[in-house]
Amino acid sequence: MDKDIYVLGIESSCDETSAAVVKNGREILSNIINSQIKIHENYGGVVPEIASRCHTEVINQVVKQALEQANMSINDIDVICPTYGPGLVGALLVGVSYAKGLSFAANKPLLGVNHIEGHIAANYITHKQLTPPFLCLIISGGHTHLVKVEDYTKFEILGKTRDDAIGEAFDKVARVVGLGYPGGPKVDNLAKEGKNIIDLPTTHIDNMDFSFSGIKTAVINLNHKNPNINKADLCLSFEKTATDMLETNILKAIKKTQIKKIVLAGGVSSNFYIRKRLDELAEKEELEMYYPELKLCTDNAAMIASAGYYNFINKNKSDLKLNAVPNLKL
Ligand code: KG4
Ligand code: ZN
């Protein structure tokens with residue numbers, strides 16, 4: 001490509017307001033993230049109405065800061081890319097409406113980005129040489145997908161969760177053992193002190209779908225019946241059983257596609273135990289394993305800008321009719 005492309009990414013699908021400028025899909029010039037965690041902590045989870053209001057309050061400042069830190073004005077931007085789904089409808093609408101207004105006022109192209117594509121693209125920023133095809137396991141608070149990434153904008157879904165996302169299960173486990181919200185990182189830390197000595201059920205599904213409601217309920221019941229159960233052991237045993245399920249499907253996907261390049265994505269991919277187990281699997285099965293750097297695992301606008309770049313050079317574009325799609329599919 002002869003000309004550099006600068007993308008302004010905007011993310012507001014859940015509880016992070018973020019804006020970023022990314023050059024040619026791979027180089028972060030700025031990535032401002034305003035997290036609402038402190039506010040939602042009081043309620044033990046994300047309150048959608050509060051999330052929308054918080055996005056509205058800070059989005060202008062967050063975008064301004066992203067441009068300033070990149071040393072750019074809106075005139076230097078080639079395309080404005082907001083997340084338009086999946087996510088909370090009110091939260092998504094803040095980013096989409098803001099981006100539409102900016103696109104109209106500055107006369108810049110607009111391109112809506114799928115949040116799940118964004119999580120995958122976080123890896124293009126971390127691993128400059130990474131190119132499709134590969135298998136991607138997207139594990140986050142809202143999604144658990146096993147995907148064959150055929151090209152930057154072409155995906156085949158091999159499996160997905162039939163009930164809870166794995167991150168939801170992490171958050172629920174954290175809540176019942178009294179760790180609070182957001183639970184994933186807290187379970188991760190406590191598990192480091194635990195022993196894997198508690199038997200939990202795995203759900204076996206014939207195809208490559210997942211199910212985490214069974215193990216979640218088992219943890220809730222065990223904790224309820226044995227209030228003095230060792231919480232660290234419970235956390236590690238939960239992680240172990242959940243990871244077994246991830247591993248089973250990764251192996252099935254490798255067998256089906258003959259692809260041995262595996263990429264992780266989403267908030268849960270920062271988990272220490274899961275990374276350790278998958279590194280061991282990689283060694284045993286001679287796989288190439290990739291993880292996003294920790295700060296790009298959870299929601300951020302740089303990953304959205306990266307996915308936006310690959311759609312933009314593929315000639316995709318939105319118009320001012322762009323709307324939020326809360327249940328948008330990959
Ligand atoms: O990707 P993300 O920021 O949002 C969604 O798109 O859903 O993921 C958030 C999820 C939460 O469920 C959070 O508890 C989980 O990722 N998470 C973790 C860890 N860090 C974040 N789960 C397990 N271990 C972690 N270290
Ligand atoms: Zn996300």
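Here are some questions and answers on the zinc site and pockets of this predicted model.

It's a predicted model, where local features need pLDDT of at least 70, side-chain atom pairs count only at pLDDT 80 or more, and totals for chains, interfaces and linings use all residues. Residues are numbered from 1 along each chain as written, chains are lettered from A and ligands numbered from 1 in the order written, and side-chain values use heavy atoms, with hydrogens and water left out.

Me: Which residues are the protein donors of the zinc ion (ligand 2)?
Reply: Donors are N, O and S atoms within 2.8 Å of the metal (3.2 Å for Na, K and Ca), and water isn't among the atoms, so sites may look incomplete. Here the protein donors lie 2.0 to 2.1 Å from the zinc ion. Along the chain, the donors follow the spacing H-x3-H-x179-D. They are His115 (NE2), His119 (NE2) and Asp299 (OD).

Me: What is the arrangement of the 4 donor atoms around the zinc ion (ligand 2)?
Reply: Four donors count as tetrahedral if all angles lie between 85 and 135 degrees. The 4 donor atoms here subtend angles of 96 to 125°, so the arrangement is tetrahedral.

Me: How many residues apart in sequence are the parts that histidine 115 and aspartate 299 tie together?
Reply: Helices (H or I, at least four residues) and strands (E, at least two) are DSSP runs, numbered from the N terminus. Histidine 115 sits in helix α4 (residues 115–126), while aspartate 299 is in the loop between β10 (288–290) and α10 (301–313). The pair therefore ties together parts whose separation in sequence is 184 residues.

Me: Are histidine 115 and aspartate 299 buried or exposed?
Reply: Buried means under 20% relative accessible area, exposed over 50%, and partly exposed in between (1.4 Å probe, protein chains only). Both histidine 115 and aspartate 299 come out as buried.

Me: Where does the largest pocket lie?
Reply: Its lining takes in 42 residues, with Ser140, Gly141, Gly142, Asp171 and Tyr181 nearest the centre. Domain 1 (6–119 + 299–313) and domain 2 (132–296), with bounds from an automatic or database domain assignment, both give residues to that lining. The largest pocket therefore lies between domain 1 and domain 2.

Me: Which element gives the largest share of the lining of the largest pocket?
Reply: The elements that give two or more residues to this lining are α4, α5 (166–176) and α6 (183–191). The largest share, 7 residues, comes from α5.

Terms used
Four donors count as tetrahedral if all angles lie between 85 and 135 degrees; four count as square planar and six as octahedral if opposite donors are over 155 degrees apart and all others between 65 and 115; anything else is irregular. On a 1 Å grid over the protein atoms alone, a cavity is a set of points where a 1.4 Å probe fits but cannot get out, and a pocket is an open set with protein on both sides within 12 Å along at least five of seven lines; lining residues have an atom within 4 Å of a point.
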